[in-house]
Amino acid sequence: MKDVKSHIKLIEQATKEWLQPDNADLKQAIERTVEEGLFSFEDIKFQIRSLKQKVDQGQISEWAERAQLSKQLNAKGRKVLCLHAGNLPLVGFQDALGCVLSGADYYGKLSSKDPYLLASYLKKLRANDVENLKEYSTELSDFAGLNADKVLFAGSKESVDEVKERLVALNAVTGSTDYIIRTAKFSMAYLENEDPQTLRDMIESVFRYGGKGCRSVAVIVSPYTLSKVKCHFTDYVEEFWLKNPQHQKPTPKLAYQFAYNKAINRDQAWLDDFLIQATDEFPSDDFTLHWVQGDVSTLKALKAKFGEAVQTVYSSGNPIEGISTEWLSTAQSPDLWWQPDGIEVIESIIKK
Amino acid sequence: MNWKIDIFDQAISFEERVAEVFQYQYQHNSVYKTFCDALGVKRFTSIDSIPLLPIEAFKETKVLSTPSAQLPELYFQSSGTSGMTRSTHYIADEEIYRASILNGMREFFELDNLVIWGYTPGYAENPHSSLIWMIQCLIDQEKTAQSKFLPLYTPLVQKDIDEVAKSGKQLMIFGAAFGLLDLLEISNVQFPSNTLIMETGGMKTFKRSMSKEELHQKLCEGFDVRSDQICSEYGMSELLSQSYSKGDLWFQAPHWKQVSVRNPENPLETLPKGEEGLIGVMDLANVHSCSYLLTGDKGVMDQSGRFQVLGRWNTQNLRGCNFLIDQD
């Protein structure tokens, strides 16, 4: 590895070049992704624009500074296997970037649901001689015999054992491999006003990527009842969908849930491809938003009830005392150093 | 129809009985009617097209199919810790439940030759337990008065066991599995070699983790009986009919109850044998509440129509950025 500063500069430069509109490789990756129906063009464009904005702001260097990367503090020589999810376009970007920045040897198992976009980035890093970028593949078996020092992935507690078994069987890990596992599943928001910008931010936070991803809002707590705001709210949803048609469609289970809500007289708003329902239950289903009428104390109680499944609580107004909150407008375009499940990516890789 | 008789009458085809019950419930159960209407089902066309109401409805509302506006006095509630919403199942006609219990037991066991002992720690605190009611019903019907609830946390007495053996009857010990294991721990007795153990799958009082196979093995060893004498009951407060397994993990339902495995992404679709999905139940004994229910349990069906219960369908893992090796 070159000295830390040059290393970071090299990655920053490669990333900027990769994000250039004339990058034919990225363009081709986008086209293939859209052609194969993996993600919508609008969602990919949104993600890339958001990343470009952060990179142009100098966030790569800033992240390295925040993590205090230095000659003494880095993960040089450590083998890190990143198991990337594929539920959103480029969802693995942050882990890949964090890993190469840290100086660790990066090995990336790409998701077959997002095989081209991240690969085009990794290809660029390799072309620009980022030497700690070692291997990437959509096949787990390509990492047989790796003996990784760390494995980074997002998963449920229940999936951990299965993942470990597969990795052990491949000798991709050793008995002392450290697993960095993120288990957060969704985010919550407190909606205290109905001004147009707040509602637009809210819609973005809920409906972008079809509601997938742990930063997407699945539970809204608001002093207003669903029945009071639903007409107003759905106007904004339609506006959003006109520009960003929902790529994935729900299964018949959603209509079943609608029928059930009707039967038990639960307030709801049926949006064809999405269901908003007035309930404080755990939001386990895709394409659903749970609406809870309540105040800040309701929000806090729910956050406590859902526990570690909650990634972030967003506020549309003032920060909420007693809990950590983020601005609603940043839900789908977080800083590069945002912490999935409260875990700082670079720090977790460096940590012995 | 005379429900008390016709539900259990095999001379009437299952389909015919299902159709009659469906029409009745569609007419008299506003919750179920609304559910069916929302799915576009307004009349009976075939068994497979009947919508199964999610069983949580019993937690959210009153699920009743009866022309009477008055709430029945008898109701069952699921067990649960404080703060948990419990299911409430109103029983408009307890004779139907009684008939279901007795007919069901007779379909799978020689009920008239059984002495039933119930051991139910953890359930005793629930005055509305359907399991307690069921065991009491089995105790009451037994003529020799040897059937009883065993006192909680009290060692078994050899003399009582010997008396059952002497009477020529077969002993069936009925209760939550871990409770039975604890009963063994505090007792030093020998059971007749033909003793039947009926575990209700209950893990209500103990937070131990053990597979069903391990549990059955331990019961076998503890009671010193053959594996085919370890039986299981699959029931819940929302269902008035039970399914039973004998010696293995495969359950069978009585003739007025049909179990299917449904596609969790489309509960109107029955999955092929061997595929895992949500357990759906058509229980005609539920005629006065709702007979067509989708449980939250994961199950699988074999070629002969028997089913296994594989635990709860864990929905909490479906959202988020899960890395799933086989499905990513």
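The radius of gyration is taken over C-alpha atoms, and the globule rule sets it at 2.2 Å times the number of residues to the power 0.38. This is a predicted model, in which local features need pLDDT of at least 70 and side-chain atom pairs count only at pLDDT 80 or more, while totals for chains, interfaces and linings use all residues. Residues are numbered from 1 along each chain as its sequence is written, and chains are lettered from A and ligands numbered from 1 in the order in which they are written.

**View 1. Chain A as a whole.**
For 352 residues a compact globule would have a radius of gyration near 20 Å, and the 21 Å of chain A agrees with that. Its C-alpha trace spans about 60 × 45 × 40 Å along the principal axes. Chain A has twelve helices and twelve strands; helices (H or I, at least four residues) and strands (E, at least two) are DSSP runs, numbered from the N terminus. Of the 352 residues in chain A, 47% are buried. Here a residue is buried if 20 or more other C-beta atoms lie within 10 Å of its own, exposed if 12 or fewer, and partly exposed in between, with C-beta atoms placed from the backbone. Among contacts in chain A with a separation of 6 or more, 78% are between residues 24 or more positions apart; two residues are in contact if their C-beta atoms, placed from the backbone, lie within 7 Å.

**View 2**

Strand S6 (residues 186–190) and strand S7 (residues 217–222) of chain A run parallel and are joined by four bridges. Two strands pair if DSSP finds at least two bridges between them. To find one bridge, look for A:Ala189, whose partner in S7(A) is A:Ile220.

**View 4**
Helix H6 (residues 117–127) of chain A has several buried residues, among them A:Leu117, A:Leu118, A:Tyr121 and A:Leu125. An α-helix has 3.6 residues a turn, so residues three or four places apart point the same way. The cover over the buried residues of H6(A) includes helix H1 (4–18), helix H3 (41–56) and strand S3 (133–137) of chain A. Just past H6(A), A:Asp129 takes a positive phi of about 65°.

**View 3. The six-stranded sheet of chain B.**
This open sheet of chain B has mixed pairing and the order S5-S4-S6-S7-S8-S9. Strand S5 (148–149) and strand S9 (243–246) of chain B are its edge strands, each pairing on one side only. Further in, strand S7 (residues 196–199) and strand S8 (residues 230–234) of chain B pair in the parallel sense over three bridges, and B:Met198 has B:Cys231 as its bridge partner in S8(B). Helix H6 (residues 130–141) of chain B lies across strand S4 (114–119), S5 and strand S6 (170–175) of chain B, at about 150° to S4(B).

Chain B is divided into domain 1 (3–85 + 257–316) and domain 2 (95–246), with bounds that come from an automatic or database domain assignment. The centres of these domains of chain B, taken over C-alpha atoms, are 26 Å apart. In chain B, 20 residues of domain 1 are in contact with 21 residues of domain 2. On the domain 1 side of this meeting in chain B, S2(B) gives the most, with three residues.

**View 4. A hairpin in chain B.**
Strand S13 (residues 292–301) and strand S14 (residues 307–312) of chain B run antiparallel, joined by four bridges. B:Asp297 stands opposite B:Arg312 in S14(B). Five residues lie between the strands of this hairpin, in which B:Gly305 takes a positive phi near 90°.

Key:
Axes fitted to C-alpha atoms, helices over the stretch in contact; angles between N-to-C directions.
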